[in-house]
Amino acid sequence: MLVIRFTFFWMVVQMPFLLSAQAPLQGVINHYAAVTAIDTCRAMLTVDVTLGFQSGDTVLVIQMQGARVNTANGSDFGAILDYGAAGLFEKAVVDSTGAQELFLQYRLLNPYDTAGRVQVVSYPTFTSARVVQNVWAKNWDGSKGGVVALRVIDTLTLDFNILASGCGFRGGESKVDTPNFCSWALPIPGYGFPSGDWRGAPKGEGIAVLPANLIAGRGAAANGGG
């Protein structure tokens, strides 16, 4: 009888502790891979890195850019003509990995275009989790990053923040140019110039990828800055 009572007492004391256990989250909790090619028939993604991905993992496939915009030299420069596949995303499950391949359990539903910067982001799942220090996304580097993704089945406790602000598309870089012909008497009407041209600073990034001869100047492309 003493043994039975002791066992029952241990269970009563320990169960609340087990139920309250939470995974501690901080820093960058996701893995990222840039997709360079998609084999739809084989449900295969060619990526720049497979580190951090393994069989059975749930992931997000996301196209970050790819919208088509007006590039005519005028006030409508940068107006969206077609969103294309920009912003399309879906969940998938990794079946297996290769040296630079992620094989998925099923074919993708959306028609992605790798020229529009497609990436794979890990999608960790927790029964219960606690943010013990700020969680943030890896900074977007032109091919991957800028996204925080997670799933919590039961309880998510926020002692700190989950942040993505400032981690997405990059703003236009400031520069000090060499002496040039800039003058109030010499108007510069162009809305797009090549990088390094004294007539315009670099534009900020957005959902449209501009040709190299138009990536500087005052004309903003879609939701980018210019």
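Biologist: A pocket is an open set of points on a 1 Å grid over the protein atoms alone, with protein on both sides within 12 Å along at least five of seven lines, and lining residues have an atom within 4 Å of a point. Which residues lie nearest the centre of the largest pocket?

Modeller: Arg170, Lys203, Gly204, Glu205 and Ile215 do, and the whole lining has 22 residues. Keep in mind that this is a predicted model, where local features need pLDDT of at least 70, side-chain atom pairs need 80 or more, and totals for chains, interfaces and linings use all residues. Residues are numbered from 1 along each chain as its sequence is written, and side-chain values use heavy atoms, leaving out hydrogens and water.

Biologist: Okay. What volume does the largest pocket have?

Modeller: About 520 Å³, where volume is the space filled by probe spheres set on the grid points.

Biologist: How far apart in space are Ile215 and Glu205?

Modeller: Their C-alpha atoms are 9.2 Å apart, and the two residues sit 10 residues apart in sequence.

Biologist: Let's zoom out. How many helices and strands are in the protein chain?

Modeller: One helix and 12 strands. The chain has 226 residues, and buried ones make up 34% of them.

Biologist: New topic. How many salt bridges does a search of the whole structure find?

Modeller: Six. A pair counts when a side-chain nitrogen of Lys or Arg is within 4 Å of a carboxyl oxygen of Asp or Glu.

Biologist: What does Asp48 meet in a salt bridge?

Modeller: The side chain of Lys144, at 2.8 Å from N to O. Asp48 is in the loop between β3 and β4 (58-63), while Lys144 is in the loop between β10 (125-136) and β11 (151-158), so this pair ties together parts that are 96 residues apart in sequence.

Biologist: One more pair, please. Which residue forms a salt bridge with Asp197?

Modeller: Arg199 does, and again the closest N and O atoms are 2.8 Å apart. Asp197 is buried, since its relative accessible area is 15%, whereas Arg199 is partly exposed at 39%.

Biologist: Now cavities. How many of 30 Å³ or more does the structure hold?

Modeller: One. A cavity is a set of grid points where a 1.4 Å probe fits but cannot get out. The largest cavity has a volume of about 40 Å³.

Biologist: What lines the largest cavity?

Modeller: Ile38, Asp39, Thr40, Ala43, Met44, Leu45, Leu104, Arg107 and Leu108. The elements giving two or more residues to this lining are β2 and β3 (44-47).

Biologist: Let's follow Ala43. Where is Ala43 found?

Modeller: In the loop between β2 and β3. Ala43 counts as buried because its relative accessibility is 9%. Its phi is also positive, near 50°, in a residue other than glycine.

Biologist: What about the phi of Ala222?

Modeller: Ala222 has a positive phi too, about 55°, although it is not a glycine. Ala222 lies in the segment after β12 and is partly exposed, with a relative accessible area of 24%.

Conventions. Helices (H or I, at least four residues) and strands (E, at least two) are DSSP runs, numbered from the N terminus. Buried means under 20% relative accessible area, exposed over 50%, partly exposed in between (1.4 Å probe, protein chains only).
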